[in-house]
Structures are given as C-alpha cells and as structure tokens.
Amino acid sequence: MSAVGIVAAAGSGSRLGADLPKALVPLAGRPLVVWAVESLLAGGVAEVVVAVPAADRAAFAAALPGTVQLVDGGATRTASVRAGLAAAGPAADAVLVHDAARPLTPPEVVARVLAALATGAPAVVPVLPVVDTTVVVDEAGTVTAAVPRASLRRVQTPQGFDRAVLVAAYAALEDGVELTDDAAVVRAAGVAVGTVEGDERAAKVTVPHDLHLAGLQVGR
Ligand code: C5P
C-alpha cells in the first residue's frame, strides 16, 4: 500500500493572533507546516501535497523541501482538501489528510492509521477519550443537559482513507458545503469510519496557549 499525504495549511493565523498564516508560525524555529509534513513522512507516507494560501505560496515553497507539492487552498478547509486531493498523483492507493495545525503528531499515530488502512478499513481516524464532564447549554449559557462521555471521542488528524472512497465522497459533496473534517465527508457518503488510538501530543494549535504548550513539548 502506498499513501499520499494532504496537509491543510491554508488557514489564517487570526485566532493565534499571528500576522502570518498559522502554518508558517514558527515552533522552535521551524514553521508548523514543516513539523506536520515531517511527521507524515516519518510515519510512512510516501508523497505530500500541501494546500497553502495562494498569496503566500513563495514563503511556503521556501520553507518546505522541493519534493513537497504545493497547491492553492480554498476559502474553507473542505475546499483546501478538495484542491489537494485533485493535485495528488495517481500512484497512491491511500490518502492521509492532516492539519498543519497539529505539528507534533507522533509518527506512531501516522503508522497506526496506515496499519488500519492496510487491513482493509475504508476510513480511519485517531481519537482520544473525553476527560471533562461535557454538557449542553442554551443561548443564555445555562446547562440544559449533561452528555454521557463514555462514548464520546475527540477526533484528531491524520485521517486515513482508501483513495477511491475519499475521491468519490468529495465528488458527491456539493460545492460550498463546509465540514470540519474529512471523516464527515465520507460519512455523508455512507462510509463507515473506524478509529485508532490518538495521542495528546497531536493536539491542535489554535490559540496562543496551544503554541506555548507545543513549545514546552519540544523544550522551548
Ligand atoms: O481553523 P482550523 O484550525 O480548524 O483549521 C484546521 C486546518 O485547516 C489548519 O491546518 C488550517 O491551515 C487548514 N485550513 C485550510 N484552508 C482553510 C482553512 C483552514 O487549509 N480555508
């Protein structure tokens, strides 16, 4: 089985308070997107396509190895992944979709996703349990229900797919529909999504505190 990685890196850095695209924000001197690409390659992905903000293509090209293919991302994550999928070479039979915003994903998580695909799973996501009490609130912020957390999971990336399954699911998804991850795209097409164990180190960098924690993880 050979796998292509698609890295969604076309988001802005607004919630991080950065004046450059989030994927270019440095962690221990290297942009988040560089960490994310290296994690995919170290975990066993053969080829990587990165969806970038069109206006910043040159800066991404300067930061990443020449073997990494760049494509212009879209206005939403869904549009960015769609662009990456269209640009990926035809050789791979599996696709791993990853967020540049998860720079410290251990290669073992990538390997677990690939191993599940190798056993024939059409779609697989890394997950972690929910450890906090989780509730529903109304518009005023008053708690209206507690959600039993035993069956809840937090979903991370990279998410792995049989390539034909993902291509067909994106083709069936109407243009303009925005979903927060790719598992939702294949589930909308009726595909069962399996799970493997995620890792706290694969946490998403969204707000400045997340970047601080990632810095502590790498000793900075
Ligand atoms: O905004 P959020 O952190 O949920 O984005 C998740 C990932 O999707 C990030 O790596 C971001 O760069 C990417 N993204 C994208 N294109 C967009 C918006 C987000 O590739 N239009």
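These questions and answers walk through one predicted protein model.

User: How is the chain numbered, and what pLDDT does the protein chain average?
Analyst: Residues count from 1 along each chain as its sequence is written. This is a predicted model, where local features need pLDDT of at least 70, side-chain atom pairs count only at pLDDT 80 or more, and totals for chains, interfaces and linings use all residues. pLDDT is the predictor's confidence in each residue, from 0 to 100. Here 100% of the residues score at least 70, and the protein chain averages 96.

User: Which residues is Val95 in contact with, leaving aside its neighbours within four places in sequence?
Analyst: Contact requires C-beta atoms, placed from the backbone, within 7 Å. Val95 is one of the core residues that touch the most other members. Its contacts are Ala3, Val4, Ile6, Leu85, Ala88, Phe161, Arg163 and Leu166.

User: At what angle do the axes of α1 and α4 cross, and what class does that make them?
Analyst: Helices (H or I, at least four residues) and strands (E, at least two) are DSSP runs, numbered from the N terminus. Axes are lines fitted to C-alpha atoms, for helices over the stretch in contact, and angles run from 0 to 180 degrees between N-to-C directions. The axes of α1 and α4 (residues 107-118) come within 8 Å and cross at roughly 50 degrees. Angles under 35 degrees count as roughly parallel, over 145 as roughly antiparallel, 65 to 115 as roughly perpendicular and the rest as oblique, so α1 is to α4 oblique.

User: Which residues of α4 does α1 meet?
Analyst: On the α1 side, the residues are Ser39, Leu40, Ala42 and Gly43. Their partners in α4 are Pro107, Val110, Ala111 and Leu114.

User: Which elements do the buried residues of α3 pack against?
Analyst: Helix α3 spans residues 77-87. Its buried residues are Arg77, Thr78, Ser80, Val81, Arg82, Gly84 and Leu85. They pack against β1 (3-8), β4 (47-52), β5 (69-72), β6 (94-99), α5 and α6 (182-188).

User: Is Pro103 buried or exposed?
Analyst: Pro103 lies in the loop between β6 and α4. It touches Leu27, Leu32, Trp35, Ala36, Val205 and Ala214, not counting residues up to four places away in sequence. With 29 C-beta neighbours inside 10 Å, Pro103 counts as buried.

User: Is Ala171 buried or exposed?
Analyst: Ala171 sits in helix α5 (residues 163-172). Its C-alpha atom is 9.0 Å from that of Arg82, 89 residues apart along the chain. Ala171 has 10 C-beta neighbours inside 10 Å, so it counts as exposed.

User: Which peptide bond is cis?
Analyst: Most peptide bonds are trans. Pro158 is in the loop between β10 (153-155) and β11 (159-162). With omega near 10 degrees, the cis bond runs from Thr157 to Pro158.

User: What is the phi of Ala28?
Analyst: Most residues other than glycine have a negative phi. Ala28 is in the loop between β2 (26-27) and β3 (30-31). Although Ala28 is not a glycine, its phi is positive, at about 50 degrees.

Terms used:
A nonpolar core is a set of buried Ala, Val, Leu, Ile, Met, Phe, Trp, Tyr and Cys residues joined through C-beta atoms within 7 Å. A residue is buried if 20 or more other C-beta atoms lie within 10 Å of its own, exposed if 12 or fewer, and partly exposed in between; C-beta atoms are placed from the backbone. Two residues are in contact if their C-beta atoms, placed from the backbone, lie within 7 Å.
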